[in-house]
Amino acid sequence: PLSTPIAKSNQYHHGNLREALISAGLQMVERDGVESLTLRSVAKRINVSHSAPYHHFGNKAHLLAAVADAGFSLMAEAISDEIAGVKSPTSYDRLRAVIDGYFRFALARPSLFRLMFRPELTRPD
């Protein structure tokens, strides 16, 4: 899954190239910020040709959108984990768990969170 890091050798082997590119993109955004992410840099990170990402993403904006989408999936998992820990079934407690999951995710992954809500991704017009 996207939440697991790529191999320690940072080499892509057989499997899902698109997922490997997104996973590497997640790591790069979180480690070095969104400015570090380019199609060429993500290809280098997993040791594929610099043209390989273009088979899945037409440009950097498409890669950023895919990484942001993966971020929303990870945030949903974090919120679900918080809800699962609720001991009392009141609506207030469930709402509080949603809020806690949202803020914990934002605080734990600030670069990814900022990417997820970038204006060019949320308002493409």
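I began with confidence in the protein chain: mean pLDDT (the predictor's confidence in each residue, from 0 to 100) is highest in helix α4, at 96, and lowest in helix α6 (residues 119–122), at 73. Helices here are DSSP runs of H or I with at least four residues, numbered from the N terminus.

I noted that this is a predicted model, where local features need pLDDT of at least 70, side-chain atom pairs count only at pLDDT 80 or more, and totals for chains, interfaces and linings use all residues. Residues are numbered from 1 along each chain as its sequence is written, and side-chain values use heavy atoms, leaving out hydrogens and water.

Over residues 1–9, pLDDT stays under 50.

Next I looked up the surface. Ile83, Leu95, Val98, Ile99, Phe103 and Leu107 make a nonpolar patch of about 550 Å². Such a patch joins nonpolar side chains (Val, Leu, Ile, Met, Phe, Trp, Tyr) within 5 Å, from residues with over 30% relative accessible area and no salt bridge (a side-chain nitrogen of Lys or Arg within 4 Å of a carboxyl oxygen of Asp or Glu). Areas come from the Shrake-Rupley method with a 1.4 Å probe. Helix α4 (residues 91–108) gives the most to the patch, with 5 residues. I found Ile83 in helix α3 (residues 60–84).

Last, I turned to Ser111, in helix α5 (residues 110–116). Ser111 counts as buried (under 20% relative accessible area) because its relative accessibility is 18%. Beyond its neighbours within four places in sequence, Ser111 is in contact (heavy atoms within 4.5 Å) with Val29, Glu30 and Gly33.

Definitions and conventions. Patch = residues over 30% accessible without salt bridge, like charges linked within 9 Å, V, L, I, M, F, W, Y side chains within 5 Å. Helix = DSSP H or I, 4+ residues; strand = E, 2+ residues; numbered from the N terminus. Buried < 20%, exposed > 50% of the residue type's maximum accessible area, 1.4 Å probe, protein only.
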